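Let us take a walk through this model together, from its overall make-up down to individual side chains. Have the structure open and follow along.

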Amino acid sequence: MNVRRIASVLAWLLLGVIAYSTLSPLDLRPHMGSSVQIERFGAFGLTGLMFAIAYPRHVLAVLAAMLAAAIGLELTQMLAADRHARLTDLAVKMAGAGCGVGAGWLLVRLWHRFKPKIAGMNQSANYRG
């Protein structure tokens, strides 16, 4: 299994966890113990990172999908009686998604730039000439 496939599976699982956490009642929502805003930023950032690694040729589409997911999930909270949609929450989610996708894009670019050099170092290290 390659890195992109693993990142794809993780990205979709994370998006499912985010959807569950966003739409479930407050008492069923998982908590990590830190600030709720940090959790939101981190969840969308990690998901954006995984999607950018999984689909490196479609980074703009990934960014648009992550922003649309943040907007959509925030708006669906308006349908639940015990949940609320706030612009500050949406801004944090969108910022996390943007940073995660950007970090994934940069990571993939750096990997492709340095991969031939790393492979060359591994081959020369095994040379006993």
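The paragraphs below go from the overall fold to the helix packing, then to the aromatic rings and one threonine.

A word on conventions comes first: this is a predicted model, in which local features need pLDDT of at least 70 and side-chain atom pairs count only at pLDDT 80 or more, while totals for chains, interfaces and linings use all residues. Residues are numbered from 1 along each chain as its sequence is written, and side-chain values use heavy atoms, with hydrogens and water left out.

Start with the overall picture. The protein has four helices and zero strands, so that helices (H or I, at least four residues) and strands (E, at least two) here mean DSSP runs numbered from the N terminus. Read from the N terminus, the order of elements is α-α-α-α. Of the 129 residues, 31% count as buried; buried means under 20% relative accessible area, exposed over 50%, and partly exposed in between, with a 1.4 Å probe and protein chains only. Contact means heavy atoms within 4.5 Å. Among contacts between residues at least 6 apart in sequence, 71% join residues at least 24 apart.

Now turn to the helix packing. Two packed helices are described by the angle between their axes and the distance between the axes. The axes are lines fitted to C-alpha atoms, for helices over the stretch in contact, and angles run from 0 to 180 degrees between N-to-C directions. Helix H1 (residues 3–23) packs with helix H2 (residues 36–54) at an angle of about 150°, and their axes are 8 Å apart. H1 and H2 are therefore roughly antiparallel (under 35 degrees counts as roughly parallel, over 145 as roughly antiparallel, 65 to 115 as roughly perpendicular and the rest as oblique). Their crossing is left-handed, a term used if the near helix is turned anticlockwise from the far one by less than a right angle, with right-handed if clockwise.

On the H1 side, the residues that meet H2 include Ala7, Leu14 and Ile18, and on the H2 side Phe44, Met50 and Ile53 are among them. The residues of this contact comprise 15 nonpolar, two polar and one charged. Here Ala, Val, Leu, Ile, Met, Phe, Trp, Tyr, Cys and Pro count as nonpolar, Asp, Glu, Lys and Arg as charged, and the others, Gly among them, as polar.

H2 also packs with helix H3 (residues 59–76), at about 150° and with axes 10 Å apart. H2 and H3 are therefore roughly antiparallel to each other, and their crossing is right-handed. In this contact, Phe44, Thr47, Gly48, Phe51 and Ala52 of H2 meet Val62, Met66, Ala70 and Leu73 of H3.

What about the aromatic rings? The structure holds two aromatic pairs; rings of Phe, Tyr and Trp (its six-membered ring) pair if their centres lie within 6.5 Å, with planes under 30 degrees apart counted as stacked, over 60 as edge-to-face and the rest as tilted. Tryptophan 12 and phenylalanine 51 have ring centres 4.9 Å apart and planes at 90°, so this pair is edge-to-face. Phenylalanine 51 also forms a stacked pair with tyrosine 55, at 6.2 Å centre to centre and 20° between the planes. Phenylalanine 51 is buried at 6% relative accessibility, whereas tyrosine 55 is partly exposed at 29%.

Finally, look at threonine 22 in helix H1. Threonine 22 is buried, with a relative accessible area of 6%. Leaving aside neighbours within four places in sequence, threonine 22 is in contact with Leu73, Gln77, Arg83 and Lys93.
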